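Reader: I have a structure open and some questions about how its side chains pair up. Can we go through it together?
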Amino acid sequence: MKKYLLIIKLALIGIFTNKVRAFLTMLGIIIGVSSVIAIISIGEGAQSLITGSIKSFGTDTLTVLPGASDESGPPASAFGIVITTLTNDDAKEIEKLPHVLTVTSYISGNGEIVYGSRSVLGNFTGVTADYETTENHDVIEGRFFTKQEERAANRVAVLGSEMKEELFPLTNPLGQKVRINDQTFTVIGVLESKGSQLARNFDNQVIVPLSAAQKILLGFQHVSLIRIKVDTEESVEVTKKRIEDLLIYRHEIKDRDDKDFSVRAVSQALDTFNSITLALSFFLAAIAAISLIVGGIGITNIMLMVVKERTREIGLRKALGAKPFHIKNQFLLEALVLTVIGGILGILAGVGLSVIAYFVINYMGYDWEFVVPLYSIVVSIGISGAIGIIFGTYPANKAAELNPIVAIRYE
Amino acid sequence: MALIELKNVCKSYYSGSLETKAVCSANLKIKSGEFIAIMGPSGSGKSTLMNIMGFLDVPTRGRYYFENKKVTSFDEDSLAEIRNKKVGFVFQFFYLLPRMTALDNVKIPMIYADVKDKEQDKRARKALKQVGLGHRMKNRPNELSGGEQQRVAIARALTNNPKIIFADEPTGNLDSVSAKEIMKIFEKLNKEGKTIILVTHDSKTASYAKRKIRLKDGLIQ
Ligand SMILES: Nc1ncnc2c1ncn2[C@@H]1O[C@H](COP(=O)(O)OP(=O)(O)OP(=O)(O)O)[C@@H](O)[C@H]1O
Ligand SMILES: [Mg+2]
């Protein structure tokens, strides 16, 4: 045991007397291992963030978007195409289908929202009265508007929590008048804070009745989104099919492939995001693998140099009775010390990267968790050790094979 | 009974078809407890002969018996084991490992003999005291004089209690005072029963030996 400690001690002295060279040698390992740590940390964080927010989006909901689109690709509206065939009448018909609990239609726009001397450039969204139930999003002050108010296009508004903070940091907003694009609305409620979810954030919105948004603020009849809440997760698929049939009939579409809308379930989005994170992980893993291989070749290279530099030492050790396996073990151990130290530095760098990711992503407003799973550290140490052994074997064998007489006379 | 017996031992080097006979037809018997000086001009084959007897080199022809066992049929691990347990080497250029203390240098042969840590420490200290270096155990080679370094090397050669000590020009790099001190140590070790085989071309150094073997062009005269 002690002889291995002595070899480790000498290897460490060697590393510290040649810090720059040792560091450059370890760089590949450091980059490789830090990417492994960062991949796993960021991967797990993204997984829980995305899964969490998709779940809160509701796995028992369906979404109808205007325009045909690939099942998992971006909607047509993402390319700036405006399709006006989806209407609130479609939503009313969907509501009559079995398993459907509530249906909410949406239309949004942006503009200037003013209260007194305060003004914000922001979004308003027109929704139908079942919004609270469909989205599991409740008012915490005042109330939401009723079906009657929605149908009558009443000028009432419900504020998202951030919008409330911006316009009414100190005063009670209930009963106050705000101006949205120069139209006056009365504030009747404030919604609880929900945080941003995927692409949507209702916290910085003003919510008004759909009909008011269409008639007073925007001047058109179509909707940009219909959200449907069904009774159980199991009825999502069958309801999706029925909605498609219904809309194909209502929109008088002859060929299914010419649909002017698309219906999506959240579980699909979950699959999409899972495959995106998986692809990203593979990409980062490839980078990690390449740097680890490059790092390993660096180890072989440096160990060959070390063997050459210490040829005389090897000859002397053999003259004093070292067997080939003693010499082999010594140089393998030295390579191992080098790669494991590289691995430890890589873990530190990787944790550093994950901390930076944590701060950046949180700064961007997401509720990101900082996780460095223990297994990623164990795996990293294992990988570094394995690289030391794999890439140290060739130089160690070279050392073990040296002829003592030739080695001891080596200049 | 001879400790070492060489029968018609030759060592040739080839470069292309050109043969250099470093040692040729060497017949030699050495008994336990002898003090021998191998002498001869540069290139006469002294080191080659010593390396063969010290199990560092293998002859190209002839037979070598050590304690009546035929060495020429040993494999690499057995040769390492004999080098470790039966012989000690002292070289002209000391060959101490620069990053280790004198004490750690002396311990190297015991590491390969699987000697327990405590025992290693005890024996290394004893050997260093034996060569008069009890006060410099924690120094590194670059903090020691040439004569002191050579004494560390002798201590290192002694730790596994070998039968024979081979010394190739041990005083070749030392001033006359240090050389004398080193030779006194060898003389004392010989009195205590060690067989000593010394390579030198200096007659003053050789005068400590009891028997002289002269080499010329690879041939024992
Ligand atoms: N590896 C080798 N390859 C080729 N020739 C060699 C080799 N080693 C030694 N020789 C040759 O063998 C001969 C004997 O060499 P050796 O080293 O035994 O001489 P030596 O008597 O010890 O000389 P010196 O007093 O200079 O040390 C020399 O001619 C030398 O050139
Ligand atoms: Mg010589």
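Predicted model: local features only at pLDDT ≥ 70, side-chain atom pairs only at ≥ 80, totals over all residues.
Reader: Is B:Cys10 buried or exposed?
Author: B:Cys10 is buried, at 4% relative accessibility. B:Cys24 is buried too, with a relative accessible area of 12%.
Reader: New topic. How many salt bridges are there over all chains?
Author: The count is 34 salt bridges. One of them joins the side chains of B:Glu34 and B:Arg211, at 2.9 Å from N to O.
Reader: Where do B:Glu34 and B:Arg211 lie?
Author: B:Glu34 is in the loop between β2 and β3 of chain B, and B:Arg211 is in strand β9, so the pair ties together parts 177 residues apart in sequence. B:Glu34 is buried at 16% relative accessibility, while B:Arg211 is partly exposed at 28%.
Reader: Which helices hold B:Asp121 and B:Lys107?
Author: Those two side chains meet in a salt bridge, 2.9 Å from N to O. B:Asp121 is in helix α4 and B:Lys107 in helix α3 of chain B, 14 residues apart. B:Lys107 is buried, with a relative accessible area of 10%.
Reader: And chain A, which residues are linked in a network of salt bridges?
Author: A:Lys241, A:Glu244, A:Asp245, A:Arg256 and A:Lys259.

Technical notes:
Residues numbered from 1 in each chain as written. Chains lettered and ligands numbered in written order. Heavy atoms only, no water. Buried < 20%, exposed > 50% of the residue type's maximum accessible area, 1.4 Å probe, protein only. Salt bridge = Lys/Arg side-chain N within 4 Å of Asp/Glu carboxyl O. Helix = DSSP H or I, 4+ residues; strand = E, 2+ residues; numbered from the N terminus.
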